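Let's walk through it together.

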Amino acid sequence: LNINLTIGVGKTVDHLKMLPSSYKTAYEAANQKLFLGKNNIITMDSIGTYKDIMPVLDMEKWQMVYVSLKTANEAGAIDFLKDLFDEMSKSRYIDIRYYHTICIQLLIIASSLLADMELIQESKAIDIKDTCELIFKLETINEMKNYVMYYFSKVCQLVGEKRNKRSLNVVDKVKDIIFRKYNTNLTINDIAQEVFLASTYLCLVFKQETGETLNEFITRTRVDKAKELLLDRNNKLYDVGYSVGYTDASYFTKIFKKYTGMTPSEYR
């Protein structure tokens, strides 16, 4: 029949009037499929003893999971979920609706982040309405954990892709600024102000995306341009240095030799 069947077995009793008590334990045993999985025969004796603990989910924990999702830290988000569901599984006497509610709250946090980052259109495969309806059909805590983990992984993937695109756009803008202003007294703070980012964050993003620091890229751009200018013998050496942003001729020579292994005159 392609159905799931869970059997709860009540305690043995010696009199008909005790049957309600046996039925109650059978009902409680069957409800343990939430923790033990479906398609099992469960007796109360096989469950063991568990403390009646209500998991506490404070604002700090919600903030932690939000930060993990916002930074596309999939490993951190998954570890949070594992710890959360492990904690919830310690209490075997909480109604399944409580677990459904926790899952819905987690999904709302994730979907609200997608809305904040304008990723709703890209997230059609994880529509919050369909997802909430599905959550209420899940019967075990393991099913709930696996589905929320799947949802969080998809969200981290979408957020990560957007962050990467944004980072690449920033890097392209920075390179354009350097190509246009390499011959001025260009500083990292100047570039950061032009792209509306903190200088420390900009340096981090640029290094991650290009493999070299901002200062290294600025210097390499100046040296490459100096090489071109040195090919024209009408350009005097000190003029070349000045043309690429170095007002001190000796400093220009030092930097040029560091990057090429030759002085400007030797290169010419």
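This is a predicted model: local features need pLDDT of at least 70, side-chain atom pairs count only at pLDDT 80 or more; totals for chains, interfaces and linings use all residues.

Residues are numbered from 1 along each chain as its sequence is written, and side-chain values use heavy atoms, with hydrogens and water left out.

Let's start with helix packing. Helices (H or I, at least four residues) and strands (E, at least two) are DSSP runs, numbered from the N terminus. Axes are lines fitted to C-alpha atoms, for helices over the stretch in contact, and angles run from 0 to 180 degrees between N-to-C directions. Take helix H3 (residues 59–70) and helix H4 (residues 74–88): their axes come within 8 Å and cross at roughly 150 degrees. That makes H3 roughly antiparallel to H4; angles under 35 degrees count as roughly parallel, over 145 as roughly antiparallel, 65 to 115 as roughly perpendicular and the rest as oblique. On the H3 side you'll find Lys61, Val65, Ser68 and Leu69, which meet Gly76, Ala77, Phe80 and Glu87 of H4 (contact means heavy atoms within 4.5 Å). Sorted by class, this contact has four nonpolar, two polar and two charged residues. Here Ala, Val, Leu, Ile, Met, Phe, Trp, Tyr, Cys and Pro count as nonpolar, Asp, Glu, Lys and Arg as charged, and the others, Gly among them, as polar.

Now jump to helix H10 (residues 214–230) and helix H12 (residues 249–260), whose axes come within 10 Å and cross at roughly 95 degrees. H10 and H12 are therefore roughly perpendicular to each other. H10 brings Glu216, Thr219, Arg220, Val223, Ala226, Lys227 and Leu230 to the contact, and H12 brings Phe252, Ile255, Phe256, Tyr259 and Thr260. The class tally is seven nonpolar, two polar and three charged residues.

Phe252 and Phe256 also belong to one aromatic cluster, together with Tyr246, Tyr251 and Tyr267. Rings of Phe, Tyr and Trp (its six-membered ring) pair if their centres lie within 6.5 Å; planes under 30 degrees apart count as stacked, over 60 as edge-to-face and the rest as tilted.

The structure holds ten aromatic pairs. One of them is Tyr98 with Tyr99, an edge-to-face pair at 5.7 Å centre to centre, with 85 degrees between the planes. Tyr98 is partly exposed, at 22% relative accessible area, while Tyr99 is buried, at 0%. Buried means under 20% relative accessible area, exposed over 50%, partly exposed in between (1.4 Å probe, protein chains only).

Which backbone angles deserve a look? Most residues other than glycine have a negative phi. Asn39, however, has a positive phi near 60 degrees; Asn39 sits in the loop between helix H2 (33–36) and strand S2 (41–43) and is partly exposed at 47%. Phe196 also has a positive phi, about 60 degrees. Phe196 lies in the loop between helix H8 (188–194) and helix H9 (199–210), and is exposed at 77%.
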